Amino acid sequence: MFFPDLGFVLACLALGTVAGFFAGMLGIGGGTLLVPILVMLFEQIHVTPDHILHLALGTSMAAIVGSSIISLRTHHAHGAVDWPTVRTMTAGVLIGTVAGTYVARLVSTQTLSLFFAVFVVYVALNMLIGIKPKPSRQLPGTGGLIAAGGGIGLVSALVAVGGGAMTVPFLTWCNRDMRNAIGTSAALGLPIALGGTAGYIWNGLHADNLPAQAIGYVHLPALVTIVAASLLTTPMGARAAHRVPVATLKRVFSILLVALAARMLWKLWAAA
């Protein structure tokens, strides 16, 4: 049977609905929300603890592909993508994401969960207090952009995000205006998602005791249902951003992220 059970499908649909809405409203990558909840869902279908976080990371990374394509097209239509910068950084991004998935395979679930939790706290604090780097310089040369792309890709693969939490600060720090930084980050989100997905599939192909419905570290039933729901609600979230107090929602969402990361960390370390 392709889908584990009806309850699992409904939970993934609900997760995709919420993740897509907040991604559209707040402009965040879905991984920060998807990963800790996918860990809980995979616990319910008895995925082995040794692979549970890797499977959540790979599935989340694959789910980002569709939303990355939509986001890229939207920003390109508004002329907000610096394509020369995207082309230069993509080489580093692809190397970094594939390397990140390889590192994720080598490290323990506990170490990976700690890294993810620290990153989520960083994202949450950024939303809470509005950390903004001071622009102080211009973009580096080709080597510098490739190196920056590699670092962004590496961390993005380890935490299953589209890279916006790092790419936008990097570009604004290099004196790019916010509109250009967001558009360029959205374009770089696609190679990050594609490279990360390919890496998690490849590195998980020979892992033991994965669910029958998984290809490598990507769980297909979860992926299909999450993507189907999130593609419907992402545009709704973007429209709602102009009608609701986003600052308040950011605070609530950041607290939720910290609570989910703490719960995931406690559960995984308790099982060690």
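Modeller: What follows starts with the chain as a whole and then turns to one pair of side chains. This is a predicted model, in which local features need pLDDT of at least 70 and side-chain atom pairs count only at pLDDT 80 or more, while totals for chains, interfaces and linings use all residues. Residues are numbered from 1 along each chain as its sequence is written, and side-chain values use heavy atoms, with hydrogens and water left out.

The protein chain has 10 helices and 2 strands, where helices (H or I, at least four residues) and strands (E, at least two) are DSSP runs numbered from the N terminus. Along the sequence, their order is α-α-α-α-α-α-α-α-β-β-α-α. Of the 272 residues in the protein chain, 51% are buried, a word that stands for under 20% relative accessible area, with exposed over 50% and partly exposed in between (1.4 Å probe, protein chains only).

Side chains of opposite charge can pair when their charged atoms come close. The structure holds 1 salt bridge, that is, a side-chain nitrogen of Lys or Arg within 4 Å of a carboxyl oxygen of Asp or Glu. Its partners are Asp82 and Arg176, whose side chains meet at 3.5 Å, N to O. Asp82 lies in the loop between α3 (52-77) and α4 (83-106), and Arg176 in the loop between α7 (164-173) and α8 (178-204), so the pair ties together parts that are 94 residues apart in sequence. Asp82 is buried, at a relative accessible area of 14%, whereas Arg176 is partly exposed, at 32%.
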